[in-house]
Each structure stands twice: as C-alpha cells, then as structure tokens.
Amino acid sequence: ATVMVLWFMLALSILLFARVQEDYSDLAASHVPRLALSSELAEYSARLAGLATAILGRQTEDQDLLAEIKRVSVQLSSALQDPAWTDPLPANAPDVRRIAETPGDVEGELLTLLALFENRRALSDALADRIERLRWLNVDIQDEVDPILNDYTFNIEAMMRAIGAADERSVREDLVRRIGDERTLRNTIAQIGGDAATAVTLIIQGSVAADPLQLERFSDLTNDMLVRVAETVDTIPSKPEFLTLR
C-alpha cells in the first residue's frame with residue numbers, strides 16, 4: 001500500500017511538472033518575445049520623444065533630424081510587423097492593428113512639427129533682423145538729437161551772458177524772448193529723442209513677450225508713444241537742421 005501511494009504521488013508530481021513545463025514553454029514561446037518586443041517599442045518611443053525635444057530645442061541640424069525621423073519610423077514599422085504581434089492574443093490585449101498604423105502617423109506629425117519650427121525659425125530670424133535695423137535707427141535718431149541739444153544749450157548760455165552785457169532794455173527783452181524760444185525747441189527735441197528711445201524699448205520688449213496679452217499691452221503702449229512722437233515732430237519748425245531728424 002505504501003509503495004502504491006508513493007507511485008501515485010510520483011505520477012501526480014510528474015503530471016504537474018509536465019503541465020508547468022507546458023505553461024513555461026508557452027510563456028517562452030509567446031509572451032517573452034512580446035515582452036521583448038514591447039521593450040523595443042518603448043525604446044523607439046523614447047527616441048521619438050527625444051526627436052520631438054530636439055526639434056523644439058533646435059539641438060540638431062534639419063537634415064540629421066529628417067534622417068533620424070525616417071530611420072526610427074522604418075524601424076518602428078518593422079518591429080510592429082514582427083510575427084509575435086500576429087499570433088493569437090488574449091481577449092484583453094490592445095488593438096495591435098491600430099498600433100501598427102501609428103508609425104506613419106507619428107512620422108507625419110514629426111515632419112509637420114519640423115516644418116512648423118522651420119517656419120518659426122525663419123520668422124524669428126526676420127524679427128531679429130528688423131529689431132537690429134530698428135535699434136540702429138534709434139542710434140541715428142539720438143545722433144541727430146544730441147548735437148541739436150548741444151547747440152541749443154550753447155546758444156542759451158551765450159544769450160544769457162549777452163543779457164548781462166546788454167545796456168538797452170529792448171535788446172535784453174529780445175534776448176529773453178529768444179532764450180524762451182530756444183528752450184522750448186530744446187525741450188521739444190529732447191522729448192522726441194526720449195519718446196523715440198522709449199518706443200524702441202517697448203518694441204524690443206514686445207518682441208520677446210511671453211504671451212499674446214503681454215504683446216497686446218506692449219503694442220498699445222508703443223502705438224501711443226509713436227503717436228506722441230509724430231505729434232511732437234509736427235510742432236518743430238521747418239528748418240534745414242531738422243530735415244534729417246524728421
């Protein structure tokens with residue numbers, strides 16, 4: 001009886017071992033390749049995310065980005081055609097057919113993103129060029145304003161000295177009137193130079209605005225300042241020394 005019980009337990013153990021071996025064989029033949037393939041797909045996903053980051057940060061030349069996008073897309077498509085994905089899957093497995101269609105979509109989206117950023121870079125370069133031209137225009141304006149202010153300051157000081165040396169009342173009154181006119185023009189020219197510099201500063205700050213609302217505020221302030229400059233320029237006399245400034 002003991003021998004029979006032992007043989008029975010041995011037979012049962014052999015049967016259980018055979019079933020476990022069958023389960024492990026099924027796991028090795030089906031699930032392990034899928035796990036390995038899933039790991040490979042995860043690697044491709046990480047590379048695609050890296051490409052998107054490179055596009056956003058402009059860390060790589062466009063031709064290299066295009067070549068890498070094509071390479072990863074082909075590798076991803078090839079991986080999704082692996083027989084491991086075509087074998088019967090459990091009922092709760094994801095829709096592999098839908099996943100297999102994604103490489104072309106991802107490649108198209110990345111190429112679209114690259115084109116958008118190429119366009120943005122062209123706009124950024126054009127904006128930088130316009131800002132540089134505007135900056136030099138402001139330099140020209142200040143180069144016109146400073147000598148005029150110096151001339152008016154010199155004239156006012158000279159007339160102030162002339163008032164002390166003048167004997168006739170009419171001469172002193174004429175000098176006082178001329179000094180008032182010179183001061184008014186000097187203040188007007190100084191205002192033009194200051195307002196022009198402020199307008200350029202607002203434009204440069206607006207060019208790096210973080211959001212549309214900021215840009216709109218800078219735009220409104222700049223337009224107000226430019227209107228003020230235009231109105232002030234209209235008040236200066238039509239003299240040859242103001243021709244370039246106008």
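Asp195 counts as buried, because its relative accessibility is 8%, where buried means under 20% relative accessible area, exposed means over 50%, and partly exposed lies in between (1.4 Å probe, protein chains only). The structure is a predicted model, in which local features need pLDDT of at least 70 and side-chain atom pairs count only at pLDDT 80 or more, while totals for chains, interfaces and linings use all residues. Residues are numbered from 1 along each chain as its sequence is written, and side-chain values use heavy atoms, with hydrogens and water left out.

**The chain as a whole**

The chain has 7 helices and 0 strands, where helices (H or I, at least four residues) and strands (E, at least two) are DSSP runs numbered from the N terminus. Along the sequence this gives the pattern α-α-α-α-α-α-α. Of the 246 residues, 24% count as buried. Among the contacts with a separation of 6 or more, 70% are made by residues 24 or more positions apart, a contact being heavy atoms within 4.5 Å.

**Asp195 and Arg228**

Asp195 sits in helix 6 (residues 169-207), and Arg228 belongs to helix 7. When neighbours within four places in sequence are left aside, Asp195 is in contact with Met225, Arg228 and Val229, and Arg228, treated in the same way, is in contact with Gln191 and Asp195. The side chains of Arg228 and Asp195 also make a polar contact at 3.0 Å; such a contact is a pair of N or O atoms within 3.5 Å, and within protein one must be able to donate a hydrogen and the other to accept it, while residues adjacent in sequence count only if both atoms are side-chain atoms.

| Residue | Relative accessibility | Class |
|---|---|---|
| Asp195 | 8% | buried |
| Leu111 | 27% | partly exposed |
| Arg228 | 40% | partly exposed |

**Helix 7**

Helix 7 (residues 212-235) has 24 residues and reaches 35 Å from its first C-alpha to its last, close to the 34 Å expected at 1.5 Å a residue, the expected span being 1.5 Å times one less than the number of residues. At its start, a side-chain oxygen of Asp211 comes to within 3.0 Å of the backbone nitrogen of Leu213. The buried residues of helix 7 are Phe218, Thr222, Met225, Val229, Thr232 and Val233. An α-helix has 3.6 residues a turn, so residues three or four places apart point the same way. Helix 6 is included in what covers the buried residues of helix 7.

**The largest pocket**

On a 1 Å grid over the protein atoms alone, a pocket is an open set of points with protein on both sides within 12 Å along at least five of seven lines, a 1.4 Å probe is used, and lining residues have an atom within 4 Å of a point. The largest pocket is lined by 14 residues, of which Leu137, Ile141, Ala196, Leu226 and Val229 lie nearest its centre. Helix 5 (102-165), helix 6 and helix 7 each give two or more residues to this lining, and the largest share, 5 residues, comes from helix 6.

**Leu111**

Leu111 lies in helix 5. Not counting residues up to four places away in sequence, Leu111 touches Leu66 and Ile69. The C-alpha atoms of Leu111 and Ile69 are separated by 7.9 Å, although these residues are 42 apart along the chain.
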